[in-house]
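Subject: Structure handover

Hi,

Here is the structure I promised to pass on. Please open it alongside this note.

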Amino acid sequence: MHRRLLVPARRWFSSPPPRPEHAVISAFDLFSIGVGPSSSHTVGPMRAGRIFINDLKDLGLLEKVRKVKINLYGSLAATGKGHHTPQAILLGLEGADPETIDTGTIPFRYEAILQNKALLLNGSHRIDYDMDKDMLWRYDLVLKTHPNGMRFSCFDRNGDLLATNEYFSVGGGFVVNEKTKVDENLFYKGVDKKMVHGARLHQSHSTEPGDDVESTQDSSHPPYPFDTGNTLLALTKKHNMTIAQIVHDNEKFFGYSDEEIHHKLMRIWQVMDECIHAGVSSQEAMLPGRLGVRRRAPMLYRRLMRGFYPGIATPAFASIGAGTPSASIESPQGERSESTAGSSPEAKSTKGGPLLASSKPPLVVGAFDHAILPMPPRKTVIPAMDFLSCYAIAVNEVNAAGGRIVTSPTNGAAGVIPGVLKYILEFVSDDPEKSIKTFLLTAAAVGMLFKRGSTISAAEGGCQAEVGVACSMASAGFAASSPETVLQAAEIGIEHNLGLTCDPIDGLVQVPCIERNSLGAVKAVTAAQLSMASHGVYSVTLDEAIEAMRLTAADMSVKYKETSLSGLATTVKIPLTVPAC
């Protein structure tokens, strides 16, 4: 009998793992290309399936496998069907990778598995697979390590156990197992260890007690390690660097050159922009699922574009980004004065931004003691904030449909950061390329702090861990000026999302998730503007807000942690009374 355990049994549950001493991971693990609708319930399980198969192959066991059993626990079991968890795991077992899989083939491949009752492990080894018998949904049981737990077991022709492993999808597409906490991809989002730079695979986060975080300079640490917002701020002051510069230089530790960092950042933005373009140009009327939710981004965009002549006055608006940075980051500031020719003479142009009305109050004509109150003059400037909302909605509608997405830092909150960055490029920036790199690197630093100090998993912390964190990251990216202002913006962004619950209706990443991304994007811009106007006057630090979020997550009922057991998930009747919500 061949029996090999890929991980030890259950002895690891006796004590929690030591907390890492710095927060630095690669920005390209926080921002990674994947597939919708969920980073923790789709991307992570797909990676876990492929990791399991790769391990079987390395151990020489793959060809002996005749049966695979899959157990899903906690939140994965409770909302996995609506989050496409079965599709993700089975295609991962067949060798699919979330970054490269053709998203259009997923429904057909999954349907073929169900109809044929067969799996093609690693794309080559065919076994029988019966979904009803071989996948067990244990929503009543939560493993101690994390709510998003899954167990894979495989058996030989005699029914003897060959190997088993447990994986935990901890949010943002990151997967761990309990053997070492870093044995899979806690610090990298690959599925093949041989393809990963050694610094990303073997980095250590521990230092001796009492040591200064930065002073520990060895091959296992990046040049500028930080563990809190305060230590990050101290680094920027000590070295006279911006937060974006700190993160950029840390990326070199992970084996990237300046050119590679530039290329990868531009590639991330390219996929984000293509996602926005796909969302606003979609010809599909409805999102998948029995809620019957209608797509709104195409309609919103057409309404915003009403009155523009494509290719004449505003060419950048007419082609909202074909996917290449040069085509998608053109700022329309050169034409904005033409499109607002009917605006007030007092309107003043600001460099790199839309026309801003003067502070002089508008003249309102009419009686104020009448049943029909007078209307103030209509604004004729481009409704920039409406574009911001449209961009965020577009991304999350693509995500809800299982399309190509960038986890930023999760899929459920994937519309906030692209929406705000698109808004900056179209309405604010004078230097699009610089804005893209500064925004993403600055936002990544804040995301690292949340991942280290709290969580980016809705199954652990509710939606404050997803839209709340994304809002905080986008606020920081928008305010990318002085480090103090950046951290204050990030604090405002999360402070006013504390306690936000995750109660998706029918377990789908649609309602309230899509609208919530729109509001998260608007809130991010507002938080950044408040920070930039406050000149260092604030009462709560980012570190205090992150700790408050951690405590709030710990106190929050499991019913509001991506389980659809309460809140909107139980009060709203299906099908929806108002399907467009």
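This is a predicted model: local features need pLDDT of at least 70, side-chain atom pairs count only at pLDDT 80 or more; totals for chains, interfaces and linings use all residues.

**Helix pair H16 and H17**

Start with helix H16, residues 416–427, and helix H17, residues 432–453. Their axes come within 10 Å and cross at roughly 150°. The cut-off for roughly antiparallel is over 145 degrees, so H16 runs roughly antiparallel to H17. The crossing of H16 past H17 is right-handed.

Which residues meet there? H16 contributes Ile417, Val420, Leu421, Ile424 and Leu425. From H17 come Pro432, Ser435, Ile436, Phe439 and Leu440. By class, the contact of H16 with H17 has nine nonpolar residues, one polar and no charged.

**Glutamate 94**

Next, look at the loop between helix H4 (85–93) and helix H5 (106–116), where glutamate 94 sits. Is this residue buried or exposed? Glutamate 94 counts as buried because its relative accessibility is 13%, and the cut-off for buried is under 20%. Its side chain has a polar partner: the side chain of arginine 109, in a polar contact at 3.5 Å. Leaving aside residues up to four places away in sequence, glutamate 94 touches Arg109, Ile113, Leu119, Leu120, Leu121, Asn122 and Gly123.

Most peptide bonds are trans. Two entries here are worth a look on screen.

- Serine 408 to proline 409: the peptide bond is cis, with omega near -5°. Proline 409 is in the loop between strand S9 (404–407) and H16, the helix that crosses H17.
- Valine 511 to proline 512: this bond is also cis, and omega is about 10°. Proline 512 belongs to the loop between helix H20 (483–495) and helix H21 (513–534).

**Positive phi**

Most residues other than glycine have a negative phi. Check these two against that.

- Histidine 84 has a positive phi, near 65°. Its loop lies between helix H3 (74–79) and H4. With 22% relative accessibility, histidine 84 counts as partly exposed.
- Glutamate 562 has a positive phi too, near 60°. It is found in the loop between helix H22 (542–555) and helix H23 (568–571). Glutamate 562 counts as buried, at 3% relative accessibility.

Best wishes

How values were computed
Residues are numbered from 1 along each chain as its sequence is written. Side-chain values use heavy atoms; hydrogens and water are left out. Axes are lines fitted to C-alpha atoms, for helices over the stretch in contact, and angles run from 0 to 180 degrees between N-to-C directions. Helices (H or I, at least four residues) and strands (E, at least two) are DSSP runs, numbered from the N terminus. Angles under 35 degrees count as roughly parallel, over 145 as roughly antiparallel, 65 to 115 as roughly perpendicular and the rest as oblique. A crossing is left-handed if the near helix is turned anticlockwise from the far one by less than a right angle, and right-handed if clockwise. Contact means heavy atoms within 4.5 Å. Ala, Val, Leu, Ile, Met, Phe, Trp, Tyr, Cys and Pro count as nonpolar, Asp, Glu, Lys and Arg as charged, and the others, Gly among them, as polar. Buried means under 20% relative accessible area, exposed over 50%, partly exposed in between (1.4 Å probe, protein chains only). A polar contact is a pair of N or O atoms within 3.5 Å; within protein, one must be able to donate a hydrogen and the other to accept it, and residues adjacent in sequence count only if both atoms are side-chain atoms.
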